[in-house]
Amino acid sequence: MNLSTLLLARASAGKPVRVGLIGAGKFGSMVLAQAQRIEGMHVVAVADLDAGRARASLARVGWPEERYAATSMGDAVRSGRTFVTEDAGALAACDEIECIIEATGHPIAGIRHAIQAIDARKHVVMVNVEADVLCGPLLAERARRQGVVYSMAYGDQPAIICELVDWARSCGFELTSAGKGMNFEPRYRYSTPDTVWGFFGWSEEEVKKGDFNPKMYNSFTDGTKAAIEMAAVANGTGLDCPDDGLAFPPTGLQDLARVFRPVADGGRLPRSGLVDIAASQEPDGREVFNNIRYGVFVTFKATSEYTKACFKQYGLLTDPSGWYGSMWRPFHMIGLETSVSVLSAVLRDEPTGCSKEFRGDAVATAKRDLKPGEMLDGEGGYAVWANAIPASKSLALNALPIGLAHNVKLKRPVARDTIVSVDDVELVNDLDVVALRRQMEDTTRQMAAPKAA
């Protein structure tokens, strides 16, 4: 509750929190929109493969041109201005930068950037949930050994869900489930970058005016982003993904506690302790009343008759039995809030959510019947969507993580809605990241293996 006070003390001492940003897309632009307003936080550098795009993003969110006219990293540190570069590695090499925000959205690049930053003893705020789900627990352990923080990005839904989970557990409630709202109908599964804008209801002119990436937005539409985020929440909280993947039950605010409780007690969950999504659309397209499309939630159970009575006395929304209650946040503001993670890492040495174990996975699943020789194009593309399943099931199936489903060739046919196996594809690129992923899988198998008597 005192981050702004701590930051003010740093600013008064002439020691601003110095930050580097990798990726100047939509999320990065939102970070920059607020960073210029935060006294004591200095964005030393912005790195993007297209420096022109980075400058356009800075201009779009209202930065005066002289503020990002630094001619070098050193000039940026001395002058308090910002250096724009295409070299992400230069941010890790800058001694004065304390924290790096990785916001590229590319899982392979994100992992490499995180390793560079961690090895240079810099805190990492991993906006790139795709990278986090692929290898996050190993990155977090690597950061711990280096004495730095590896954190989810506050403002994005996984970090805010982790905050609510922590709240419920800190209050001593019996945690039942956690998740987020989302605009979803079953037919969205098969959306492609060519059809996605129709699901959002945006015209071509509206799209052209904004900084919108069709593959990124399609990954939200087809449920891939939900799978990635819920797997990340599972890895950060110890909750589980459902055995058959996310169910997306349509649910309004008033019914969260009723729906997200176990089937045995009248709910929709196979059991307690799961993550899932509260869909804001009915399967036939009707909007759910009082939905939480942009929000996050937890459901929990009273631990005694006395606590149950308190739920009623203080107006908590409960299920009909009164035993289950819900807490929610109605919105998330993604990059506009990410400074909370930066300041928490630098000023408190504390993450705002962090992958602790390989418990959930987001695995590539065929959008249509796929043939040998076809190329997979990753999340939000034409070929696959991601399903969130327990890591134990993913390992048993030798499933292909969605983060490795970029630009890989199929060796065997895969039927629609079938999970793609690593054995179905040729994994010839990005072998450093593949090796890191396999290290995480092997470690998980070893920990799960029965111990010899």
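Select residues 431-448, helix α17: 18 residues, 25 Å from first C-alpha to last, close to the 26 Å expected at 1.5 Å a residue. The expected span is 1.5 Å times one less than the number of residues. Helices (H or I, at least four residues) and strands (E, at least two) are DSSP runs, numbered from the N terminus.

This is a predicted model: local features need pLDDT of at least 70, side-chain atom pairs pLDDT 80 or more, while totals for chains, interfaces and linings use all residues. Numbering runs from 1 along each chain as its sequence is written, and side-chain values use heavy atoms, without hydrogens or water.

Stay on α17. Colour V433, V434, L436, R437, M440, E441 and T444: these are buried (under 20% relative accessible area; exposed is over 50%, partly exposed in between; 1.4 Å probe, protein chains only). Look down the axis: the buried residues fall within an arc of 165°, so they line one face of α17. The arc is taken from the directions from the helix axis to the C-beta atoms. On the other side, L431 and Q446 are exposed. Now show α6 (107-119), α7 (129-146), β11 (360-366) and α16 (391-397), against which the buried residues pack.

Next, select 157-170, helix α8. Its buried residues include P158, I161 and L164. Their cover includes β7 (174-182) and α12 (224-237). After α8 comes G172, with a positive phi near 85°.

Last, select Q281, in the loop between β8 (274-279) and β9. Q281 is buried, at 9% relative accessible area. Its side chain reaches the backbone oxygen of G285 at 2.8 Å.

Key:
Contact means heavy atoms within 4.5 Å. A polar contact is a pair of N or O atoms within 3.5 Å; within protein, one must be able to donate a hydrogen and the other to accept it, and residues adjacent in sequence count only if both atoms are side-chain atoms.
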